[in-house]
Amino acid sequence: MNSRIIANGILRAVAIIVGIVLLGYFLYAVKSVLAYLAIAVVIALLGRPIVLFLRRKLKFPNTLAVIATMIFMLTIFLGILALFIPLISEQSRNLSLLDIEALKADVNTLYIQILDYFGATSGSVTDLIEDSKIEESVLQELDLGFIPDFLNSFVNILSNFSVGLFSVLFISFFFLKDSKLFQNGMLTFIPDNKESGVVKSIDKINGLLSRYFAGILLQLFILFVIYTIALLIVGVENAIVIAFLCALFNIIPYIGPIIGGVIMITLTMTSFLGADFSTVILPKALYVFIGLVIGQLIDNFFSQPFIFSTSVKSHPLEIFLIIIIAGLLFGVVGMVVAVPGYTAIKVVLQEFLAEYSFVKKLTKNL
């Protein structure tokens, strides 16, 4: 091996590294476009069964079927916004989401009532905390300044919402109109001898993920109905909005239901401040907690096994381990995309590495 070969190898390695870095920088620079593409793909997967129904059953032309599907999905989305945004803006004081001072006062009042119920005093709690070498109470250290910062960020996001919405709708329209558009774009970078396997993998992934996202929507709807009923029974104001928010948290596996449950119970208790704690607030919070438990039992023993077994063809324990690993590696985002990503990987492995016994066992249900 002479010096020229060594030099060429070094230059080739450097060129590859530089190319990878530039590619990573490019993907980071266009991350908004990638997000639009990802959302459009999800919309296309959800809307595809509707398009096929309109074309095959009602004999709609392809373009008209796509337009009708887009209008239907956009109407549902705008209907949710029409329900959600006005209630939040008009009842913000009741929800204690925008009035920071009201939120502090409500939490402090609730804290005092809990102490009175258990026969404790703020002084005894302070002494206990000091004995534990904690200088300040949790309530004093609680900084709620993140809420207005979050709301400001949320307003900035809404200012760019129109551009993002138009982009997503535009891309989704063509993905629905030509189901092979995304596939053909990927095949541009695939060698000719691998195209057939890639096409089969994409078709299978589309079918599995379409059922998965439809199952997720069914899961959220069931929880939304249960939560709404529980909140309406106890007379919580804005029950629909609170139920929708808390059900939406279930998109985040395992952690989301806990966050949603804490929010629901807290907002329930603060909705009845001024009433007697032991005879009104505590029983109503208990009823809401029972509704939460019922919703989670139905979700864990019916919705999730149904989704995992019939859509992504994976065992719930298998999914649990994948979500935990993805969460440890990539945080909340990893937990959300773990199941779709894992499903896609299994399909690709089955198509291209089916000769290995490990892959056969892993993908035997696909």
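These legends describe several close-up views of one predicted model. Residues are numbered from 1 along each chain as its sequence is written, and side-chain values use heavy atoms, with hydrogens and water left out. Because the model is predicted, local features need pLDDT of at least 70 and side-chain atom pairs count only at pLDDT 80 or more, while totals for chains, interfaces and linings use all residues.

Figure 1. Helices (H or I, at least four residues) and strands (E, at least two) are DSSP runs, numbered from the N terminus. The chain has 366 residues, and 30% of them count as buried. Buried means under 20% relative accessible area, exposed means over 50%, and partly exposed lies in between (1.4 Å probe, protein chains only). The chain exposes about 22500 Å², and carbon and sulfur atoms supply 72% of that area. Accessible areas come from the Shrake-Rupley method with a 1.4 Å probe; for residues, only the protein chains shown count as cover. Take the contacts between residues at least 6 apart in sequence: 64% of them join residues at least 24 apart. Contact means heavy atoms within 4.5 Å.

**Figure 2. Two stretches that UniProt lists under "transmembrane region" are residues 9-28 and 34-54.** The listing comes from an unreviewed entry, and it also includes residues 285-307 and 319-339. UniProt positions are given in the numbering used here, feature names are shortened, and annotations may be inferred rather than shown by experiment. In the model, residues 9-28 are 100% helix and 0% strand. Their end C-alpha atoms are 29 Å apart. Residues 34-54 are also 100% helix and 0% strand. Here the end C-alpha atoms are 29 Å apart.

**Figure 3. K59 sits in the loop between α2 (31-56) and α3 (62-90).** Its phi is near 60 degrees, a positive value in a residue other than glycine. K59 is exposed, with a relative accessible area of 65%.

Figure 4. T228 is buried at 10% relative accessible area. A polar atom of its side chain lies 2.7 Å from the backbone oxygen of F224. A polar contact is a pair of N or O atoms within 3.5 Å; within protein, one must be able to donate a hydrogen and the other to accept it, and residues adjacent in sequence count only if both atoms are side-chain atoms. Leaving out residues up to four places away in sequence, T228 touches A239, I240 and A243. A243 is buried too, with a relative accessible area of 0%. Beyond its neighbours within four places, A243 is in contact with F224, Y227, T228 and L231. A243 and A230 are 13 residues apart along the chain, and their C-alpha atoms are separated by 9.0 Å.

**Figure 5. G260 lies in helix α13 (residues 255-271).** G260 counts as buried, at 1% relative accessibility. Setting aside neighbours within four places in sequence, its contacts are C246 and F249. F249 is 11 residues from G260 in sequence, and the two are 5.7 Å apart in space, C-alpha to C-alpha.

**Figure 6. Helix α14 (residues 277-310) bends.** This helix has 34 residues. From first C-alpha to last, α14 reaches 46 Å, close to the 50 Å expected at 1.5 Å a residue. The expected span is 1.5 Å times one less than the number of residues. The bend is about 40 degrees, at D299. A bend at a residue is the angle between axes fitted to the seven residues ending there and the seven starting there.

**Figure 7. Helix α15 (residues 316-352) has a kink centred on F330.** The kink is about 145 degrees. A straight helix of 37 residues would span 54 Å, but α15 spans only 25 Å between its end C-alpha atoms. I325 belongs to α15 and counts as partly exposed, at 47% relative accessibility. I325 and M335 are 10 residues apart in sequence and 8.3 Å apart in space, C-alpha to C-alpha.

**Figure 8. T343 is a buried residue of helix α15.** Its relative accessibility is 1%. The T343 side chain has a polar atom 2.8 Å from the backbone oxygen of V339. Not counting residues up to four places away in sequence, T343 touches L208, L209 and V312.
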